[in-house]
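I opened this model to look up its sheets, salt bridges and surface. The entries below are in the order I worked.

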Amino acid sequence: MKTVSRGLVAWIAILLLLLASLTLLRLADAPLVNGAAAEGAPATAVVKDCERFGPVSSGGVGYFHECTAAVSVSGQVEIVEFGPDELSPSDEASPVGVTNDSGEWRRIADHPFGFLEVLGIVFIVSCVFAAFSTGWQEVFGRLTFRNRSPRKVGQDPSETDVIELLTPDNTKFLARYLFLAISGLGLMGIGGTFLVITDQLRTGGFWQVSLGGALVLLGALVLGSVVVGRRVVTKSIPLVVTAEGLVQPLSEGAHLLLPWDEIKSLVFDDHVLGEQVSIHVVLVDQEAEVLLREELRGNSRFGHVLASMVPAAEAERAAAIVERFKPGVSRWPARGIKRGGFGLVTAVRRTVLRWKDSTQKAKAESPGDGLTISRISDAKQHQRLGLVFLAFTLILGFAVFRDGRLGVRIGLGFFGLLFLSATAVAFRYHLNPFTRQLVFKPRWLTVVTKTARTRAWSIRWRDIDKAFVQRTPDAACRLVLCPAEVVDSYYPRESLARPLGLARESDRFIVISEIELTAEEIDLILPVLRKHVEVVDGQSGGVSR
């Protein structure tokens with residue numbers, strides 16, 4: 001029943017929008033004043049016949065006339081068909097002054113509603129764009145009264161090991177409500193325009209007024225949905241459970257694998273209210289979050305939240321699927337059990353990192369693990385740059401007030417804002433210098449950049465085929481990694497790789513470009529590198545393991 005009501009609402013809305021578009025295009029050419037005098041007119045028209053259309057026709061909603069008249073121009077008479085409401089049956093009694101406007105005969109009167117033609121075209125394009133953005137499959141599904149409920153488990157054997165995760169889609173949240181607000185205000189504005197124009201033209205009748213009122217009501221309902229609608233916009237992410245781990249599909253047929261050996265547990269947390277369950281993943285190492293899609297990296301009290309609201313029955317099914325491939329990995333804290341055993345599970349120990357400008361050794365499982373190479377930006381250099389940018393900003397601000405030309409003021413003001421923003425960035429880095437770190441851990445190599453926020457990316461040692469140490473004549477060295485193909489699935493996008501100081505060469509090599517290593521630091525990290533990967537030292541040209 002709910003599907004049928006949604007389908008009916010969709011059909012009614014489309015019908016209203018279609019009729020509104022046709023009516024707008026018709027009213028765009030309607031004259032404001034009827035009964036213009038024929039004296040002094042370049043041509044006169046004598047009405048011969050009129051046909052009445054309405055209440056619903058190809059001209060939209062409302063009653064209107066299309067008349068045929070005999071037009072006299074310099075003693076010559078021709079029969080002309082006039083557009084909607086240019087002439088009316090009341091004009092049969094006397095000639096009417098007309099004029100030829102670009103090949104179209106029109107009454108000599110004001111035609112002030114030409115803007116409605118542009119408004120109608122924009123209105124039609126907006127409706128098509130809204131349907132395209134929503135998705136044609138979704139639109140046709142509503143119009144055909146299709147039930148959009150998920151398919152039952154077991155319909156397709158290939159889908160029995162797929163878990164559908166509903167995650168918040170923050171990128172669409174603002175766009176959705178902004179679109180609804182603009183659409184609601186636009187519909188109310190168009191409906192109000194119908195009411196005003198109908199009152200001024202004294203044509204169209206009850207049906208045209210009803211259309212305007214219906215559009216105002218529809219706009220009010222759309223605008224009201226912003227207030228009473230759901231506050232969370234979600235999207236579905238399929239999670240395929242396999243013997244290797246959890247497979248997350250990416251764009252263009254690629255996928256990202258989170259192996260079972262990186263998962264400590266999957267937590268199914270019962271909500272206090274409602275039959276809803278949230279699903280969380282607890283990782284063995286925090287660095288393993290790079291093996292999760294960005295939408296699934298949200299932190300929770302357990303680890304990372306995969307889905308915030310899942311029906312209890314679907315969560316039970318997901319837990320059963322996981323237990324079939326990895327017994328004992330799922331647990332339900334609210335029920336006080338862990339699948340595959342009894343008793344409560346101890347809390348996950350969290351690691352607190354303290355940033356220092358040094359090359360240091362931290363407590364590790366074996367010698368060399370935990371080695372950290374750190375770099376801190378030059379705060380004084382940022383202070384000098386900030387002062388220079390501030391001076392330019394003040395000079396441009398003085399010039400804006402001294403010059404009286406508007407164009408020059410706009411140009412100088414634009415450049416002044418650019419220098420002002422550069423000043424703010426420079427002083428921010430002066431007060432909070434950014435830190436770059438290269439951290440060698442037992443199972444991971446991590447690159448960290450700390451500014452106002454901390455960004456980090458890690459790569460597993462087993463995913464590195466070779467490591468190259470590039471030495472230069474000025475004694476500076478860089479670390480270059482030859483990654484395995486699997487790294488392509490979790491290498492950061494360019495907007496994140498650039499702040500981290502990572503560069504990808506044409507041969508797929510990863511260059512840690514922003515941390516130049518000294519000879520002493522190379523001597524420290526070489527034993528660590530050789531313990532995990534094959535190393536090519538640029539100085540000796542040899543390969544060691």
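My notes start with the whole chain and then go to single elements.

**Entry 1: the chain as a whole.** I am working with a predicted model. I looked up the secondary structure and found 10 helices and 28 strands in the protein chain. The chain has 545 residues, and buried ones make up 38% of them.

Entry 2: I traced an open sheet with the strand order 5-4-1-6-7 and antiparallel pairing. Strand 5 and strand 7 are at its edges; each has a single partner strand, so one side of each has no neighbour in the sheet. On average, neighbouring strands here are turned by 40° against each other, direction ignored.

Entry 3: Which side chain does arginine 106 meet in a salt bridge? I found glutamate 86, at 3.8 Å from N to O. Arginine 106 belongs to strand 7 (residues 104-107), while glutamate 86 is in the loop between strand 5 (76-81) and strand 6 (96-101), so the pair ties together parts 20 residues apart in sequence. Both arginine 106 and glutamate 86 are buried.

**Entry 4: other salt bridges.** By the distance rule used here I have a count of 18 salt bridges. I looked up two further pairs. Arginine 293 and glutamate 295 meet through their side chains at 2.9 Å, N to O. Arginine 293 has a relative accessible area of 16%, so I list it as buried, the cut-off being under 20%. Glutamate 295, at 29%, is partly exposed.

The second pair is aspartate 463 and arginine 460, whose side chains form a salt bridge at 2.7 Å, N to O. I checked their cover and found aspartate 463 and arginine 460 both buried. Through shared partners, salt bridges join Glu262, Asp285, Arg443, Arg460 and Asp463 into one network.

**Entry 5: strand 10.** Is strand 10 (residues 245-249) largely enclosed or open? I found 4 of its 5 residues buried, so strand 10 is largely enclosed by the rest of the structure. Strand 10 pairs with strand 11 (residues 255-259) in the antiparallel sense, over 5 bridges. I noted that proline 249 stands opposite histidine 255 of strand 11.

**Entry 6: a nonpolar patch.** Last, I looked for nonpolar side chains on the surface. Leu25, Ile121, Ile124, Val125 and Val128 form a nonpolar patch there, with about 400 Å² of accessible area together. Which element gives the most to the nonpolar patch? I found that helix 2 (residues 115-134) does, with 4 residues. I picked out isoleucine 121, which lies in helix 2. Its relative accessibility is 47%, so isoleucine 121 counts as partly exposed; the limit for exposed is over 50%.

Note on methods. Residues are numbered from 1 along each chain as its sequence is written. This is a predicted model: local features need pLDDT of at least 70, side-chain atom pairs count only at pLDDT 80 or more; totals for chains, interfaces and linings use all residues. Side-chain values use heavy atoms; hydrogens and water are left out. Patches are made of residues with over 30% relative accessible area and no salt bridge: like charges are joined within 9 Å, nonpolar side chains (Val, Leu, Ile, Met, Phe, Trp, Tyr) within 5 Å. Accessible areas come from the Shrake-Rupley method with a 1.4 Å probe; for residues, only the protein chains shown count as cover. A salt bridge is a side-chain nitrogen of Lys or Arg within 4 Å of a carboxyl oxygen of Asp or Glu. Helices (H or I, at least four residues) and strands (E, at least two) are DSSP runs, numbered from the N terminus. Buried means under 20% relative accessible area, exposed over 50%, partly exposed in between (1.4 Å probe, protein chains only). Two strands pair if DSSP finds at least two bridges between them. Axes are lines fitted to C-alpha atoms, for helices over the stretch in contact, and angles run from 0 to 180 degrees between N-to-C directions.
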